[in-house]
Amino acid sequence: MSDPIYLDYNATTPVDPEVVEAMLPYLRGHFGNPSSDHLYGQRAAEAVARARGEVAGLIGAESDQVIFTGCATEANNLAIQGTARARRDRGRHLITSAVEHPSVAEPLRRLAAEGWEVTVVPVDNNGRVEPGSLEEALRPDTALVSIMHANNEVGAIQPIAELAHIARAHGVPFHTDAAQSAGKIPVDVEALGVDLLTLAGHKFYAPKGVGALWVCPGTPLEPLFAGGGQERAFRPGTENVPHLVALGTAARLARVRLEEEAPRLRVMRDRLYRWLAKDIPGLILNGHPDERLPNTLNLSFPGVDGRELLGRAKDVAASVGAACHAAGGPAGGVLGAMGIAGARARGAVRLSVGRPTTERDLERAAAELVAAWRSLTAVQVPPGTPRTDR
């Protein structure tokens, strides 16, 4: 039997073959510690420097502004807790949105338990923050604003440049979690006007366990860990050289392929939606129709539970939301924030396409999802009905 069609690229991506090849020398022969002065260390240090430059190039930054981390969760924690603690004498008020990933929401909850006040600004029914809501939430004692660039569940892209401009006009640093957007749409720190930006390697075809935080010069930041002086002492610990080489290679590939890859993903995403909508009356798209990641579909299937649908569609590997919520987290947190509840929320499924996805994959997946929906709703196809033209 063949593996199911993978349509969960927002959860993670496979490691690109070119990325694997770039890693191998640093898993085999080039094993030196980048802090060592001898040849082995120099080779490792040069590889880390090249990777830093490639990551900076993906987001239009300078290489000395990039801090490598073990993952996007660590980068978000460093950005939020590190900036809040560095600015605690100026104020203890923080702002975020109602649709953030747990790696942003949980550090904020921890700070709230320690005495910080957190304001959660709402989103509209497309999952986007209205700039006026942020303007109203800002206060003289606001220490940080953290709002994601693109949502992991519905793909909604936030108006970050406008939001960051509002925060900066009040002298407040702005952090954005770009884990889902980097590699899918253009991400440029200067154009966005942010002060801190998070990246996740495994969302753009690097391995799991490596990420980065971009920090604008002059942004106050305290490290989470104490140790050596690696990563300008903001992230002490011996560098994971093979994974950093992988991250740099993946960043370079994402940058050079973005112009042709994003339109291709959008075409496949929309084709899958059309095929499903043609055969499933009442199918609803969740999220903004245009300001959305080019690979992401969040759909409410009428009359069924999303988990049951995917359990029946065994030839499709997808999810009902974020992978970190897949096993028992609160259902529909993002959808609920968008005002989506009841049967529509229960029927929601996230389908995300990626670099390896083919048209044949989409055809198989559409047929499987339609068949699963029909079996759960007892919709019968009359004998002799021609197969949907795909």
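Strand 2 and strand 8 (residues 211–215) run antiparallel and are joined by four bridges, where strands are DSSP runs of E of at least two residues, numbered from the N terminus, and two strands count as paired if DSSP finds at least two bridges between them. The model is a predicted one, in which local features need pLDDT of at least 70 and side-chain atom pairs count only at pLDDT 80 or more, while totals for chains, interfaces and linings use all residues. Residues are numbered from 1 along each chain as its sequence is written, and side-chain values use heavy atoms, with hydrogens and water left out.

Strand 8 also pairs with strand 7 in the antiparallel sense, over five bridges.

| Residue | Opposite residue in strand 8 |
|---|---|
| Ile 67 | Leu 213 |
| Thr 198 | Leu 213 |

These pairings belong to an open sheet of seven strands with mixed pairing, in the order 2-8-7-6-5-3-4. Strand 2 (66–69) and strand 4 (117–121) stand at its edges with a single partner strand each, so one side of each is left without a neighbour in the sheet. Neighbouring strands are turned against each other by 20° on average, direction ignored, the axes being lines fitted to C-alpha atoms, for helices over the stretch in contact, with angles from 0 to 180 degrees between N-to-C directions.

Five of the five residues of strand 8 are buried, so strand 8 is largely enclosed by the rest of the structure; buried means under 20% relative accessible area, with a 1.4 Å probe and protein chains only. Gly 211, Leu 213 and Val 215 point one way from strand 8, whereas Ala 212 and Trp 214 point the other way. Helix 2 (residues 39–58) lies across strand 2, strand 7 (196–200) and strand 8, at about 110° to strand 2.

Elsewhere, Gly 321 is placed in the loop between strand 11 (316–317) and helix 10 (333–337), helices being DSSP runs of H or I of at least four residues. Gly 321 counts as buried at 6% relative accessibility. Leaving aside residues up to four places away in sequence, Gly 321 touches Glu 153 and Arg 350, a contact meaning heavy atoms within 4.5 Å. Val 349 is 28 residues from Gly 321 in sequence, yet their C-alpha atoms are 6.7 Å apart in space.

Terms used:
Buried < 20%, exposed > 50% of the residue type's maximum accessible area, 1.4 Å probe, protein only.
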